[in-house]
Amino acid sequence: MAVSVPDLKAFLLATPFFGGIPDQSLDLLMSMLVECRFDTGATVVTEGDPGRSLFIVKSGRLAVSKRANSGSVIPISVLEPGDFFGEMTLIEMQNRSATVVAESPTVLYELTAQKLYACYKADIHAYVIVLQNINRELCRRLRRSDDRFAEHQMVTRSDQVIMRKDG
């Protein structure tokens, strides 16, 4: 079943990536998106590979992981409809920082660096809003990461205190 343009617009405006973008600018950005479909178990991006695009999750569920120096795979997060990923490679122009695998049939919208640059040339206002939205989401992720790190440190310290009392 095809998604209608109004339904797609409503979905995109509800995502952190497209929030606050004026209607005309959203039309421009929508024209730049490419729909990608992945089956369960498919790898969307691989840590260390070159990347020049980001993805907005339309449907499905994806697992994000990193490989530790020991070679083990460490789960980082789960992505669901409305989330986006791949923005780091566009901002810092480095290789992919994590591996993303579809945990269920997944539909993504891809926006390439080339298309984002075309947005910059055509509609600087929309481009600035997109960058602000990306930065806002990166700050949210950093806060969550800080909270997890602090919580881990508290657990580690309390374990050390218990070990000293027992020892």
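Which residues are exposed on the other side of α2? The tour reaches them at its second stop.

**Before starting**

This is a predicted model, in which local features need pLDDT of at least 70 and side-chain atom pairs count only at pLDDT 80 or more, while totals for chains, interfaces and linings use all residues. Residues are numbered from 1 along each chain as its sequence is written, and side-chain values use heavy atoms, with hydrogens and water left out.

Display the whole protein as a cartoon. It has five helices and eight strands, where helices (H or I, at least four residues) and strands (E, at least two) are DSSP runs numbered from the N terminus. From the N terminus on, the order of these elements is α-α-β-β-β-β-β-β-α-β-β-α-α. Among contacts with a separation of 6 or more, 72% are between residues 24 or more positions apart; a contact means heavy atoms within 4.5 Å. Buried residues make up 33% of the 167 residues, where buried means under 20% relative accessible area, exposed over 50%, and partly exposed in between (1.4 Å probe, protein chains only).

**Stop 1: helix α1**

Select residues 5-13, which form α1. L8, K9, F11 and L12 are buried here. Viewed down the axis of α1, these residues fall within an arc of 165°, so they line one face of the helix; the arc is that of the directions from the helix axis to the C-beta atoms. On the other side of α1, P6 and D7 are exposed. The buried residues of α1 pack against α2, β3 and β8.

**Stop 2: helix α2**

Next select α2, residues 23-32. Its buried residues are S25, L26, L29, M30 and M32. They lie on the same side of α2, because they cover an arc of only 155° around the axis. The opening question is answered here: Q24 and S31 are exposed on the other side of α2.

**Stop 3: the nonpolar cores**

Show side chains for L12, F17, F18, L29 and I56, the residues with the most contacts inside the largest nonpolar core, which has 23 residues. Such a core is a set of buried Ala, Val, Leu, Ile, Met, Phe, Trp, Tyr and Cys residues joined through side-chain atoms within 4.5 Å. At least two residues of this core come from each of α1, α2, β3 (53-59), β8 (106-112), α4 (113-122) and α5 (124-166). Apart from this core lies another, of 14 residues, among them C36, L79, V100 and L108.

Centre the view on I56. Leaving aside neighbours within four places in sequence, the contacts of I56 include F11, F17, F18, L33 and V107.

**Stop 4: the four-stranded sheet**

Now select β1, β8, β3 and β6, which form an open sheet in that order with antiparallel pairing. Two strands pair if DSSP finds at least two bridges between them. The edge strands, β1 (34-38) and β6 (84-85), each pair on one side only. Five bridges join β1 to β8, and F38 has T106 of β8 as its bridge partner.

Within β3, pick F55. F55 counts as buried because its relative accessibility is 5%. The C-alpha atoms of F55 and F85 are separated by 5.4 Å, although the two are 30 residues apart along the chain. Beyond neighbours within four places in sequence, F55 is in contact with residues including C36, V44, F84, R96 and L108.

**Stop 5**

Select residues 62-67 (β4) and 73-79 (β5), which pair in the antiparallel sense over six bridges. S65 stands opposite P75. Five residues lie between the strands of this hairpin, in which G71 takes a positive phi near 100°. β4 also pairs with β7 (residues 99-102), antiparallel and over four bridges, with A63 opposite V101.

**Stop 5: E87**

Finish at E87 in α3 (residues 87-92). E87 counts as buried because its relative accessibility is 2%. Apart from neighbours within four places in sequence, E87 is in contact with L54, I134, L138 and R141.
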